[in-house]
Amino acid sequence: MNWKSAVAVLILVLVGCCARVGAGDFSSPPHASARSQHALANAAYRLVVACETGGSHGRERVIVTLDDQQTGLRLAHGPYLYRAERREGQKTAAYCGLRSVCIEVVGDSATGGPRRLTILGKLAGLDVEHSFDLPADRPIMEERLVVHNHSRAGIRLSDLETGFARRVADKSGKVLPELAGDRFVAVPFRSKPDDLKPHYNDFSTAELIGTPGYEMHVDFDQHYRRIPASHRQSEGWAWTHGAHTLGIFKFDQENMQWSILATEKQPGGTVLHFGGTRMIDGEPSDLGRLRPGQTLRLGVTRYQTVAGGYDQAMYAFRALLDENGCRFPKGFNPPVHWEQLYDMEGAWNDRLHKYTKAILEKEAKKGVAYSCEALYLDPGWDTGFATFLWGDQWLGPRKAFVDEMQSKYGLKVSLHTPLASWMSIGWPMGPDLAPATYPPEAHRKAAKISDPRVVKAPATDHGRRNLALLPEAKASASSLYADGGLPIHQIAHLNDGWGGNRASWIAKTLPAWAEIDLGRSYTIAQVRLSNDATRQYSDRKPVDYRILVATKYDPDSRVATWSPVAEVSGEPLLGARDFSFAPCQARWVRVQILKSEGKEPRLDEIQIYEAQPLAANDIPAWESHARRSPDAAAIGAGASTICLGSQAYLDEAARRLLANCADGVTFLMYDGNWYQGGCDDATHGHPVPFTKEDHMRANVALAQRIHAKYPQVLIEMHDMLMGGANPRNTPVYYKYGLTGSYDDNWGFELMWDPMTDITSGRARSLYYYNLGCNVPIYLHIDLRKDRPGLPVLWWYASTCRHLGIGGTHKDPAVVAAQKAAMRKYHALERFFKRGDFYGANEQVHLHALTEENAFVANLFNLSDQKRVISGSIALARMGLRGTRLAAGPDDGSTPQSRTGQPNIGLLENGVWTIRREMAPWSADVISVQVTP
């Protein structure tokens, strides 16, 4: 090879080495010197990495500067953050900063070759490979982190945090002038399905600094909570600055990760950390079990600056997911379901008489009348909840049933197939037979209890007896969550002597009351109430409540026999609170709850203290006499359940599901699949401990086994950590697009009262989801809750690519309107199922098909007043071209303008605009063809 050829293929490698690099504040150390500095740039960003040595820090630091070439904004400047915690036996060691750092730059502007800057170093015993790619042909930057365990021993990290640093406020906390107008918006969930109205995850710089963030946690009881934190997590963030927005997006299909914004007060002011990676609630759990020789790749963080606001960053994130296969497939055409549950609720409790083939045929006829394409069977079709074994006794042979639904009604058959987690909690919808039908090898071992999730309620306080622990004391309540289906939430837990969510009572409805009957009258002077005395959960807080006492009983809290001794208004109860009052006679002590924060209220213990203390020598006898449940600590933890990750369960579940598919079933819903907690049974064939990541991999493995033989069967996957709940605890794309994985995400349980979900703001999460994600949403909705203007039907048709409907409205006029709307839906369904979704605003949704050069617009007036609904969007934004508009070919019902022409909006300078006066709580649908 001659010297010219050598130059042509030369890769320029610049190497700089630093002994140690820390993560201190932004102040420059005295006499600091940059040992090496390396720069990389493209049209979008300029990245400079330098090593500093000496100074008061006593160590060397990696200083990173990142400039946005489009806006001129310095996005980051300062020590790049590298922190880790490593478990070493029973101790945890903290590490800050890389050691033995080298920096490599491959390619530059002159050569036009690969353009990567890599920082190499050591952290917590791991070799770290930290790289940044700035491609010449794309205005993006991508960051990757790879860790290698080259040691001979396993390494367990309990925490890892890396990220850029940018000072955002001065020492006094005042936001820096250049960032005063910036905002930080969660992508895609600017609005979450579990957010309280009117909250948006859309923060000014001052709000980002001044209000706490949180981590999302879920335990194996499927209890979700937000843990206050200095950081916020999302799939991505849109950092708006002037006329541009920076997208900071995290993508990793092998290890669950989030894009993190974290603030930290330092001597020079408040610093924002972003990008990089961070462990959240123990994930990525593979960092906690790195084997000797193992390499772990921690996904990619993409930085992309776009012209426009947060919505443009949403589309950019969606494009990233599309690039990685997280998009509905070409020709996606899922059947519209008729959901039999709404008109047959509770039929699962009497399958033999209320879930018969004849009754389901009546539902099938309804499905045909509503233009549905499949009959969805919720609980009741199998022999017992989650057995997956067909109920021949009341439905006849499975294949005959499936064939007849198709031949007689033109309907496919879809099944609700809840997985092991739901099967195991003792809350079935119908016969609780399933656990016994699975192999003994699939059962979990009883857990060993040394449980911080419960605390012991005292038998005495300053010598005064806790009378609620009298053996004859009995608890009662107005209602009970899940009708008593959950062992951890029972009325008896109100005075079982244990505090904590796992031994608590939750009301089913408000207003509510809970009481203790002491058996006879005593003189009392104090009541202690607690809502999760362990303070692990901050939800379900009573806000307005009263403590009442009585010596003569009446079930009505309002009658004069009840005397109030304490009253609280507007002060949420969290943990334990004492209420002291003048001594009084009481046999019954009642807590009346009028209002709660969030969901139904919880009390875990009602403690009732006598007015006078016992003599000191009488206390031991009382404490031995006080009644306390010996099993409260083990509630829900010691029972034998089915492990979703066990090979025996997966084998048997797959065998049964495949048998249903073999007879023609075309859709499976993986419901009830939440995380059950760690399982330490090594014979199950899963890793020990069994982590959230292991659980999610088991979920996907079960889908892959079905798809390996029946790729055409659609599988909907509920959130693999939350199951059927409003919160989303895994990234919207997670594990979708992998070979043989699932086909639909679940629509956040917005099925039971879809109108209330709209009015409360929860349903707007679907709008933002579609702006930022093309993974299809499946949801079936209760049409009984719709209004004459059909906002329910059209909102969910617009935001769920896979739609299910059910329930017969009491108003025949609404029924007729819904049937007509479904005929229109089918005429336009290709737009709703396969069109690209855009939003002019929350009230104007667009669905575009570039191959037809056409789009459908959904308009909503979601208010009690007549309003003009308006919105606009550039045709080019939707990939459409033309100078004229015409009514779409499938839309004969488009409202007419005064001239008699369809009111399809105006097109000026390439921007489509619509203005329409709409009745309260109504929806309109417009089909528009764009022509030259």
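**Entry 1: helices 5 and 7**

I started with helix 5 (residues 357–369) and helix 7 (residues 398–409), whose axes come within 11 Å and cross at roughly 35 degrees. I noted the crossing of helix 5 and helix 7 as right-handed. I keep in mind that this model is predicted.

Next I looked up which residues touch. From helix 5 I listed K357, L360, E361, A364, K365 and V368. They meet F401, E404, M405, K408 and Y409 of helix 7. I sorted the contact by class and got 6 nonpolar residues, 5 charged and no polar ones.

**Entry 2: helices 11 and 12**

I then went to helix 11 (residues 647–662) and helix 12. Their axes come within 10 Å, and the crossing angle is roughly 35 degrees. Helix 11 passes helix 12 in a right-handed crossing.

On the helix 11 side I wrote down Q647, L650, D651, A653, A654, L657, L658 and C661. On the helix 12 side they meet A698, L702, R705, I706 and K709. By class, I have 9 nonpolar, 1 polar and 3 charged residues for the contact of helix 11 with helix 12.

**Entry 3: salt bridges**

How many salt bridges does a search of the whole structure find? I got 57.

R697 and E693 form a salt bridge through their side chains, at 3.0 Å from N to O. Both sit in helix 12 (residues 692–709), 4 residues apart, so about one helical turn separates them. Is E693 buried or exposed? I found E693 buried, with a relative accessible area of 1%. R697 is partly exposed, at 30% relative accessibility.

I also noted a network. Salt bridges that share partners join R116, D133, R138, E142, R144, R302 and E323.

R289 and D286 were my next pair, with their side chains in a salt bridge at 3.0 Å, N to O. D286 is buried, with a relative accessible area of 9%. R289 counts as partly exposed because its relative accessible area is 24%, and the cut-off for buried is under 20%.

D461 lies in strand 27 (residues 460–461) and R528 in strand 32 (residues 512–531), so the pair ties together parts that are 67 residues apart in sequence. I found D461 buried, and R528 is buried too.

**Entry 4: a sheet and the helix across it**

I traced an open sheet of 5 strands, in the order 43-44-45-50-47, with antiparallel pairing. Which strands stand at the edges? I found strand 43 (836–841) and strand 47 (884–887) there. Each has a single partner strand, so one side of each is left without a neighbour in the sheet. The twist from one strand to the next averages 30 degrees.

I checked the pairing of strand 47 with strand 50 (residues 922–931). The two run antiparallel and are joined by 4 bridges. I found A886 opposite Q929 of strand 50.

Finally I asked what helix 15 (residues 791–799) lies across. I listed strand 43, strand 44 (844–849), strand 45 (854–861) and strand 50. Helix 15 runs at about 140 degrees to strand 45.

Conventions
Residues are numbered from 1 along each chain as its sequence is written. This is a predicted model: local features need pLDDT of at least 70, side-chain atom pairs count only at pLDDT 80 or more; totals for chains, interfaces and linings use all residues. Side-chain values use heavy atoms; hydrogens and water are left out. Axes are lines fitted to C-alpha atoms, for helices over the stretch in contact, and angles run from 0 to 180 degrees between N-to-C directions. A crossing is left-handed if the near helix is turned anticlockwise from the far one by less than a right angle, and right-handed if clockwise. Contact means heavy atoms within 4.5 Å. Ala, Val, Leu, Ile, Met, Phe, Trp, Tyr, Cys and Pro count as nonpolar, Asp, Glu, Lys and Arg as charged, and the others, Gly among them, as polar. A salt bridge is a side-chain nitrogen of Lys or Arg within 4 Å of a carboxyl oxygen of Asp or Glu. Buried means under 20% relative accessible area, exposed over 50%, partly exposed in between (1.4 Å probe, protein chains only). Two strands pair if DSSP finds at least two bridges between them.
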